[in-house]
Amino acid sequence: MTYQLFYADRSAAQGVRVILEEIDQDYRLIETDIKSDRERSPELLAVNPNGLVPVLVFEEGAIYECGAIVTFLCDRHPEYQLAPAVSDPQRGLFLQWLFFFSSALQNAFSMTYRPNRFATLESAYPSVQQQGCKRLLALWQVVDHAIADSLWMLGESFSAVDIYLFMLSTWLSDDCGHPALAEFANVMRVTDKVVKRPSVRKVYPSLCGAN
Ligand SMILES: N[C@@H](CCC(=O)N[C@@H](CS)C(=O)NCC(=O)O)C(=O)O
């Protein structure tokens, strides 16, 4: 089976691509222009009427929402042990972090990238962006505190949540006034390990080249 992924660099689709590498599947990227002023292709809208990436296309259908795609792929390929099994007590934390990342954290990033989605008046955009940055600081602090001195997000075991964490950490940008990754020492300890994985080096060559 060959998966297809509606994809753009620096988007949430990049994390899904790392998962596809980790589970050693054939896949084809469908390069997608997600700049706000570009019209979305009929092919993308047919599988995601929201016009967003990632969308995963597989033999029997297509799904969108990054957290759902990650869970779906991990569960379909359990031999790679990227997610605790449904009966594993760690499963709850796995789901908690994926949902938290894809809702609270991704939304806070959106406030800083696309303030027009949160306010009607252009004069209010800077205030939305500032609030997004404040939210990012508070939310990343929650994550950092939760990791504490654990090896990975789920404690002893590496999982897809660590890949998701890494992906989100690459979105932190000085230019947008975001807090710096260096402010979250525990997060950095985990992402420094994630970046060394061959899957990540392949999908993020420019970041890994710097290491
Ligand atoms: N909740 C969705 C959000 C997807 C999303 O916002 N994707 C961004 C890239 S990371 C996108 O396609 N942006 C284009 C746009 O907002 O128009 C998910 O987690 O998959």
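What covers the buried residues of H4? In this predicted model, the cover includes helix H3 (66-76), helix H5 (125-147) and H6. The residues being covered are Phe94, Trp97, Leu98, Phe101, Ser102, Leu105, Ala108, Phe109, Met111 and Thr112, which are buried in H4.

H4 itself runs over residues 91-113, and its length checks out: at 1.5 Å a residue, its 23 residues should span 33 Å, and the end C-alpha atoms sit 32 Å apart, which agrees. That said, H4 does bend, by about 35°, at Phe101, itself one of the buried residues.

H6 (residues 160-169) also packs against helix H1 (residues 13-22), at an angle of about 145° and with the axes 9 Å apart. The crossing of H1 past H6 is right-handed. On the H1 side, Gln14, Gly15, Val18 and Ile19 make the contact, while H6 brings in Ala160, Ile163, Tyr164 and Met167. Sorted by class, that gives six nonpolar residues, two polar ones and no charged ones.

Between strand E1 (2-7) and H1 sits Arg10, with a positive phi of about 65° despite not being a glycine. Arg10 counts as exposed because 12 other C-beta atoms lie within 10 Å. Gln81, in the loop between H3 and H4, is another non-glycine with a positive phi, here about 55°; it has 14 C-beta neighbours inside 10 Å, so it is partly exposed. Finally, Val53 and Pro54 are joined by a cis peptide bond with omega of about 5°, and Pro54 is in the loop between helix H2 (42-47) and strand E3 (55-58).

Methods. Residues numbered from 1 in each chain as written. Predicted model: local features only at pLDDT ≥ 70, side-chain atom pairs only at ≥ 80, totals over all residues. Axes fitted to C-alpha atoms, helices over the stretch in contact; angles between N-to-C directions. Helix = DSSP H or I, 4+ residues; strand = E, 2+ residues; numbered from the N terminus. Left-handed = near helix turned anticlockwise from the far one by under 90°. Contact = placed C-beta atoms within 7 Å. Nonpolar A, V, L, I, M, F, W, Y, C, P; charged D, E, K, R; others polar. Expected span 1.5 Å × (residues − 1). Bend = angle between axes of the 7 residues up to and from the residue. Buried ≥ 20, exposed ≤ 12 C-beta atoms within 10 Å, placed from the backbone.
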